[in-house]
Amino acid sequence: MFIDSHSHIYSEEFSSDREEVIQRAIHSGIHKIILPNIDSSTIKPMMDLADSNPNLFIPLIGLHPTSVKDDFNKELEIMEYWLNKRKFLGIGEIGIDLYWDKTLLKEQTEAFRIQIGWAKKAKIPIVIHVRDSFAEVFEVIEQEKDDSLFGVFHSFTGTAEQASQVIELGFKIGVGGIVTFKNSGLDAVIQQVALEHILIETDSPWLAPVPHRGKRNESAYLTAIATKIATLHNITIEEVGATTTQNTKQLFGF
Ligand code: NI
């Protein structure tokens with residue numbers, strides 16, 4: 001049994017065959033799928049999907065860094081409205097993305113800090129998106145760190161040293177399809193990370209693992225990621241499923 005700790009299955013990419021994708025996930029042993037939000041436009045599809053099967057889906061609320069524009073305060077107001085309206089098990093996904101646009105670093109950092117504040121107040125975890133921004137994200141986390149701040153670095157792609165820094169701060173490492181990519185170097189890093197610190201995720205529809213690389217990703221492909229981790233740690237895929245399920249439940253408190 002597995003938990004896909006990060007999937008955007010509510011997105012338009014699945015509009016024509018979402019039910020089949022869900023069935024394939026269930027048949028692959030996925031019993032929970034965590035749904036991080038993107039921005040105000042994705043809340044309705046995400047919540048509709050979550051409400052259609054509350055046993056399977058766990059929605060999160062938050063503003064994604066690539067959706068942080070000049071009007072981000074308005075977006076954050078909408079996130080906060082939902083945060084007060086419904087019970088959420090985490091804030092996500094949030095963070096800093098300097099790959100697409102470096103000009104909004106100040107705004108992204110401010111939005112990140114504000115949302116970290118919500119998570120600390122509610123004592124729920126944050127799901128962090130990092131892209132070309134490890135130093136910037138880490139600086140914010142170190143400044144904000146206290147007993148009520150915890151979470152996961154989703155789709156981790158850093159070095160062994162960065163993995164150690166994440167673990168030292170008490171955060172989890174989200175491992176996705178990139179660990180299966182040839183020459184990513186991530187396999188050697190994840191081999192050194194104890195399973196107790198790892199969550200597994202697809203980040204579907206993006207980052208499909210080998211042998212589906214380049215295609216649309218879906219939760220059923222999580223088994224390819226679990227298999228890779230099992231090989232790297234020289235354990236069974238069942239052990240990967242059991243421990244990462246336990247880690248995910250502990251982090252999100254369900
Ligand atoms: Ni994501």
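This is a predicted model: local features need pLDDT of at least 70, side-chain atom pairs count only at pLDDT 80 or more; totals for chains, interfaces and linings use all residues.
**Backbone features**

The peptide bond that leads from Val 210 into Pro 211 is cis, and a cis peptide bond also joins Gly 92 to Glu 93, where Glu 93 belongs to strand β4 (residues 91-97).

| Cis peptide bond | Omega |
|---|---|
| Gly 92 to Glu 93 | about -5° |
| Val 210 to Pro 211 | near 10° |

Asp 132, which is not a glycine, has a positive phi of about 55°, and its place is in the loop between β5 (126-131) and α5 (134-144).

**Two packed helices**

Two packed helices are described by the angle between their axes and the distance between the axes. Helix α3 (residues 72-85) packs against helix α4 (residues 105-122) at an angle of about 15°, and their axes are 11 Å apart. Because angles under 35 degrees count as roughly parallel, α3 is roughly parallel to α4. Their crossing is right-handed. Among the residues that make the contact are Phe 72 and Leu 76 of α3, together with Ile 114 and Trp 118 of α4, and the residues of this contact divide into seven nonpolar, two polar and three charged.

**The cavity**

The structure holds one cavity of 30 Å³ or more, and the largest cavity contains about 30 Å³ of space. Its lining is formed by Ser 5, His 6, Val 127, Val 152, His 154, Leu 199 and Glu 201, which divide into three nonpolar, three polar and one charged.

Technical notes: Residues are numbered from 1 along each chain as its sequence is written. Side-chain values use heavy atoms; hydrogens and water are left out. On a 1 Å grid over the protein atoms alone, a cavity is a set of points where a 1.4 Å probe fits but cannot get out, and a pocket is an open set with protein on both sides within 12 Å along at least five of seven lines; lining residues have an atom within 4 Å of a point. Grid points are joined across faces, edges and corners, and a volume is the space filled by probe spheres set on the points. Ala, Val, Leu, Ile, Met, Phe, Trp, Tyr, Cys and Pro count as nonpolar, Asp, Glu, Lys and Arg as charged, and the others, Gly among them, as polar. Axes are lines fitted to C-alpha atoms, for helices over the stretch in contact, and angles run from 0 to 180 degrees between N-to-C directions. Helices (H or I, at least four residues) and strands (E, at least two) are DSSP runs, numbered from the N terminus. Angles under 35 degrees count as roughly parallel, over 145 as roughly antiparallel, 65 to 115 as roughly perpendicular and the rest as oblique. A crossing is left-handed if the near helix is turned anticlockwise from the far one by less than a right angle, and right-handed if clockwise. Contact means heavy atoms within 4.5 Å.
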